[in-house]
Amino acid sequence: MDTNAILKHADELFDDDRPQEAGAYLRQMAEQAISERSYGTAMSLFNELTGYYRSVGDLDAAWRCVDKLIGLIDLLDLWGTSDAATAMLNIATVCKADGDPDSALAIYKKCEPIFISENVGDRRMAGLYNNICVTALETGRSEDALYYAEKAWHIAERVNMDGKDLELVRKNYNAAKKAAENA
């Protein structure tokens, strides 16, 4: 199976404002990947599906995808790798969406040493730090939020982030700074 081709087609469906069709396509391809024992592809597709279901508010389906992801990580013995950490990021977002930011924060923080050990210093690291910042703010941990906001900002500057992503990092940095000053 060609993971990139599948994801490209799903993106085209999303871009054409056909999210239900994209979700159904991803689900079908993920199940086909499992049946064909293309477990790496399945993992990528269940990661996408986890985000899709979270975004449409179907948390039961998102949790089913989380179960599939954990099973695939176990099967492929990927714990401690950036692939597993990427899945963990998606799992953390489901925790947040399901009203458990404390669990999400704990999961995010477990991703950091994995990304560091695998030299993931790009936008994914800035995104991780930004997620930690936001979640720390949500849970009243203003000093943690500022610490991770500063880390996200430094990476965003280094990788020349621009547009919406940079604006989001800047906005969260300013919110963390203000929260820390008022703490």
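These notebook entries record what I looked up in the structure.

**Entry 1: the model**

I noted that the model is predicted, that local features need pLDDT of at least 70 and side-chain atom pairs count only at pLDDT 80 or more, while totals for chains, interfaces and linings use all residues. Residues are numbered from 1 along each chain as its sequence is written, and side-chain values use heavy atoms, with hydrogens and water left out.

**Entry 2: the fold**

I looked up the secondary structure and found 9 helices and 0 strands. Helices (H or I, at least four residues) and strands (E, at least two) are DSSP runs, numbered from the N terminus. Read along the sequence, the pattern is α-α-α-α-α-α-α-α-α. The chain is as compact as a globular protein of its length, because its radius of gyration of 17 Å is close to the 16 Å given by the globule rule for 183 residues. That radius is taken over C-alpha atoms, and the rule is 2.2 Å times the number of residues to the power 0.38. I recorded a span of about 55 × 35 × 30 Å for the C-alpha trace along its principal axes.

I then turned to burial, and found that 43% of the 183 residues count as buried. Buried means under 20% relative accessible area, exposed over 50%, and partly exposed in between (1.4 Å probe, protein chains only).

**Entry 3: salt bridges**

I found 9 salt bridges in the structure. The term requires a side-chain nitrogen of Lys or Arg within 4 Å of a carboxyl oxygen of Asp or Glu. Side chains of opposite charge can pair when their charged atoms come close.

I examined glutamate 12 and lysine 8, whose side chains meet at 3.6 Å, N to O. The two are separated by about one helical turn because they are 4 residues apart in helix 1. Glutamate 12 is partly exposed at 36% relative accessibility, whereas lysine 8 is exposed at 53%.

I next examined glutamate 21 and arginine 18, which form a salt bridge at 2.7 Å, N to O. Glutamate 21 has a relative accessible area of 42% and is partly exposed; arginine 18, at 33%, is also partly exposed. Both residues belong to a network of salt bridges that links Asp16, Arg18 and Glu21.

I also examined aspartate 102 and arginine 141, joined by a salt bridge of 3.1 Å, N to O. This pair links distant parts of the chain, 39 residues apart: aspartate 102 is in helix 6 (residues 101–117), and arginine 141 is in the loop between helix 7 (123–138) and helix 8 (142–158). Aspartate 102 is partly exposed at 44%, and arginine 141 is partly exposed at 34%.

**Entry 4: aspartates at the surface**

I located a negative surface patch formed by Asp58, Asp60, Asp98 and Asp100. Patches are made of residues with over 30% relative accessible area and no salt bridge, with like charges joined within 9 Å and nonpolar side chains (Val, Leu, Ile, Met, Phe, Trp, Tyr) within 5 Å.

I finally looked up aspartate 15, which lies in helix 1 (residues 3–15). Its relative accessibility is 68%, so aspartate 15 counts as exposed. Between aspartate 15 and histidine 154 I noted a separation of 139 residues in sequence and 31 Å in space, C-alpha to C-alpha.

Conventions: Accessible areas come from the Shrake-Rupley method with a 1.4 Å probe; for residues, only the protein chains shown count as cover. Lys and Arg count as positive and Asp and Glu as negative; His and the chain ends are not counted. The place of a charge is taken as NZ of Lys, CZ of Arg, CG of Asp or CD of Glu.
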